[in-house]
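I opened a new structure today and kept notes as I went. Here is what I was looking at.

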Amino acid sequence: MAFADKLRALRHINNMTQDHLAQQMNLARTTIAGYESKNRQPSHENLFAFARFFHVSVDYLISDGEPVYITTEEARTMPEDALKLLIRYRRLPIRSKNDLLHHLRLLEIQEGIDDPDPKIIQPKT
(Lines give C-alpha, C1' and ligand atoms only; values in the text may rest on other atoms or scores of the structure.)
Protein backbone atom coordinates (compact mmCIF):
# COMPACT_ATOMS: atom_id res chain seq x y z
CA MET A 1 0.00 0.00 0.00
CA ALA A 2 1.47 3.34 -1.04
CA PHE A 3 1.85 6.40 1.20
CA ALA A 4 -1.18 8.04 -0.45
CA ASP A 5 -3.40 5.08 0.41
CA LYS A 6 -2.08 4.84 3.96
CA LEU A 7 -2.60 8.54 4.57
CA ARG A 8 -6.17 8.32 3.28
CA ALA A 9 -6.83 5.19 5.40
CA LEU A 10 -5.39 6.76 8.55
CA ARG A 11 -7.45 9.89 7.97
CA HIS A 12 -10.63 7.83 7.54
CA ILE A 13 -9.90 5.66 10.59
CA ASN A 14 -9.62 8.84 12.61
CA ASN A 15 -12.82 10.28 11.09
CA MET A 16 -11.02 13.29 9.67
CA THR A 17 -11.69 15.34 6.57
CA GLN A 18 -8.83 16.62 4.46
CA ASP A 19 -9.61 20.09 5.82
CA HIS A 20 -9.35 18.97 9.44
CA LEU A 21 -6.10 17.08 8.87
CA ALA A 22 -4.66 20.04 7.00
CA GLN A 23 -5.49 22.35 9.92
CA GLN A 24 -3.95 19.92 12.42
CA MET A 25 -0.79 19.61 10.32
CA ASN A 26 -0.64 23.33 9.44
CA LEU A 27 -0.87 22.52 5.74
CA ALA A 28 -3.24 23.48 2.94
CA ARG A 29 -6.12 21.12 2.15
CA THR A 30 -4.83 20.99 -1.43
CA THR A 31 -1.52 19.65 -0.09
CA ILE A 32 -3.31 16.77 1.66
CA ALA A 33 -5.36 16.15 -1.49
CA GLY A 34 -2.14 16.09 -3.53
CA TYR A 35 -0.58 13.53 -1.20
CA GLU A 36 -3.68 11.33 -1.37
CA SER A 37 -3.92 11.53 -5.16
CA LYS A 38 -0.22 10.68 -5.53
CA ASN A 39 0.45 14.01 -7.26
CA ARG A 40 2.73 15.15 -4.44
CA GLN A 41 5.18 13.54 -2.04
CA PRO A 42 5.68 14.87 1.49
CA SER A 43 8.93 16.40 2.63
CA HIS A 44 10.90 14.51 5.25
CA GLU A 45 9.65 16.97 7.85
CA ASN A 46 6.02 16.37 6.90
CA LEU A 47 6.53 12.61 6.75
CA PHE A 48 7.84 12.63 10.33
CA ALA A 49 5.00 14.95 11.37
CA PHE A 50 2.40 12.54 9.91
CA ALA A 51 4.06 9.63 11.73
CA ARG A 52 3.95 11.50 15.05
CA PHE A 53 0.39 12.69 14.48
CA PHE A 54 -1.00 9.23 13.66
CA HIS A 55 1.28 7.35 16.11
CA VAL A 56 2.81 5.17 13.41
CA SER A 57 6.39 4.78 12.23
CA VAL A 58 7.81 6.51 9.19
CA ASP A 59 8.80 3.05 8.00
CA TYR A 60 5.15 2.03 8.12
CA LEU A 61 4.12 5.09 6.10
CA ILE A 62 6.61 4.47 3.31
CA SER A 63 6.65 0.66 3.22
CA ASP A 64 4.29 -1.57 1.30
CA GLY A 65 2.95 -3.13 4.49
CA GLU A 66 -0.49 -4.36 5.41
CA PRO A 67 -3.36 -1.89 5.13
CA VAL A 68 -4.76 -0.38 8.32
CA TYR A 69 -8.28 0.22 7.10
CA ILE A 70 -11.28 -1.48 8.64
CA THR A 71 -14.09 -2.58 6.36
CA THR A 72 -17.52 -1.06 6.88
CA GLU A 73 -18.85 -4.48 7.87
CA GLU A 74 -16.11 -4.95 10.48
CA ALA A 75 -16.73 -1.49 11.94
CA ARG A 76 -20.49 -2.05 12.07
CA THR A 77 -20.35 -5.41 13.86
CA MET A 78 -17.33 -5.01 16.11
CA PRO A 79 -17.39 -3.60 19.66
CA GLU A 80 -15.56 -0.27 19.92
CA ASP A 81 -12.75 -1.62 22.12
CA ALA A 82 -12.11 -4.49 19.70
CA LEU A 83 -12.12 -2.08 16.77
CA LYS A 84 -9.54 0.16 18.46
CA LEU A 85 -7.37 -2.87 19.26
CA LEU A 86 -7.56 -4.15 15.68
CA ILE A 87 -6.64 -0.75 14.24
CA ARG A 88 -3.63 -0.49 16.53
CA TYR A 89 -2.60 -4.11 15.83
CA ARG A 90 -2.69 -3.55 12.07
CA ARG A 91 -0.34 -0.58 12.40
CA LEU A 92 2.41 -2.72 13.95
CA PRO A 93 5.28 -4.31 12.04
CA ILE A 94 5.18 -8.12 11.88
CA ARG A 95 7.78 -8.61 14.63
CA SER A 96 5.72 -6.50 17.05
CA LYS A 97 2.55 -8.35 16.03
CA ASN A 98 4.21 -11.64 16.95
CA ASP A 99 5.38 -10.20 20.28
CA LEU A 100 1.87 -8.98 21.03
CA LEU A 101 0.35 -12.37 20.25
CA HIS A 102 2.91 -14.01 22.53
CA HIS A 103 2.04 -11.61 25.37
CA LEU A 104 -1.68 -12.18 24.83
CA ARG A 105 -1.13 -15.93 25.10
CA LEU A 106 0.78 -15.41 28.37
CA LEU A 107 -2.13 -13.36 29.71
CA GLU A 108 -4.53 -16.14 28.71
CA ILE A 109 -2.43 -18.68 30.61
CA GLN A 110 -2.27 -16.36 33.62
CA GLU A 111 -6.07 -16.07 33.56
CA GLY A 112 -6.49 -19.83 33.28
CA ILE A 113 -7.54 -19.80 29.66
CA ASP A 114 -5.54 -22.83 28.61
CA ASP A 115 -7.72 -24.16 25.80
CA PRO A 116 -7.08 -21.67 22.98
CA ASP A 117 -9.23 -21.68 19.89
CA PRO A 118 -7.52 -24.16 17.51
CA LYS A 119 -8.42 -21.90 14.59
CA ILE A 120 -6.14 -19.19 16.00
CA ILE A 121 -2.54 -19.54 14.90
CA GLN A 122 -0.38 -19.57 18.01
CA PRO A 123 2.64 -17.24 18.03
CA LYS A 124 6.08 -18.79 17.93
CA THR A 125 7.85 -18.88 21.26
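**The pocket**

I started with the largest pocket and listed its lining: His 55, Val 56, Ser 57, Leu 85, Arg 88, Tyr 89, Arg 91, Leu 92, Pro 93 and Leu 100. For the record, a pocket is an open set of points on a 1 Å grid over the protein atoms alone, with protein on both sides within 12 Å along at least five of seven lines, and lining residues have an atom within 4 Å of a point. I looked up the volume of this largest pocket, which is about 190 Å³; a volume here is the space filled by probe spheres set on the points, with grid points joined across faces, edges and corners.

By class, I found six nonpolar, two polar and two charged residues in the lining. Ala, Val, Leu, Ile, Met, Phe, Trp, Tyr, Cys and Pro count as nonpolar, Asp, Glu, Lys and Arg as charged, and the others, Gly among them, as polar. Which helix gives the most to the lining? It is α7, with four residues.

**Ground rules**

I noted that this is a predicted model, where local features need pLDDT of at least 70 and side-chain atom pairs count only at pLDDT 80 or more, while totals for chains, interfaces and linings use all residues. Residues are numbered from 1 along each chain as its sequence is written, and side-chain values use heavy atoms, with hydrogens and water left out.

**Helix α7**

Next I checked α7 itself, residues 80–91. Its twelve residues should span 16 Å at 1.5 Å a residue, and the end C-alpha atoms are 17 Å apart, which agrees. The expected span is 1.5 Å times one less than the number of residues.

Then I asked which residues of α7 are buried. They are Leu 83, Leu 86, Ile 87, Arg 90 and Arg 91. Seen down the helix axis, these buried residues fall within an arc of 135 degrees, so they line one face of α7; the arc is that of the directions from the axis to the C-beta atoms. Asp 81, Leu 85 and Arg 88 are exposed on the other side of α7. Buried means under 20% relative accessible area, exposed over 50%, and partly exposed in between (1.4 Å probe, protein chains only).

**The whole chain**

I counted eight helices and zero strands. Helices (H or I, at least four residues) and strands (E, at least two) are DSSP runs, numbered from the N terminus. Of the 125 residues of the chain, 31% count as buried.

**The core**

I went for the largest nonpolar core, which has 18 residues. Such a core is a set of buried Ala, Val, Leu, Ile, Met, Phe, Trp, Tyr and Cys residues joined through side-chain atoms within 4.5 Å. Those with the most contacts inside it are Phe 3, Leu 7, Leu 21, Phe 50, Phe 54 and Leu 61. At least two residues of this core come from each of α1 (3–13), α2 (18–25), α3 (29–36), α4 (44–54) and α5 (58–62). The largest share is that of α4, with five residues. In soluble globular proteins, nonpolar side chains tend to be buried together.

Asn 15, in the loop between α1 and α2, has a positive phi near 50 degrees without being a glycine. Its relative accessible area is 73%, so Asn 15 is exposed. I found another positive phi, about 60 degrees, at Asn 26, which sits in the loop between α2 and α3 and is exposed at 71%.

Finally, I looked at Val 58 in α5, buried at 17%. Val 58 and Phe 3 are 55 residues apart in sequence and 10.0 Å apart in space, C-alpha to C-alpha.

Note on methods. On a 1 Å grid over the protein atoms alone, a cavity is a set of points where a 1.4 Å probe fits but cannot get out, and a pocket is an open set with protein on both sides within 12 Å along at least five of seven lines; lining residues have an atom within 4 Å of a point.
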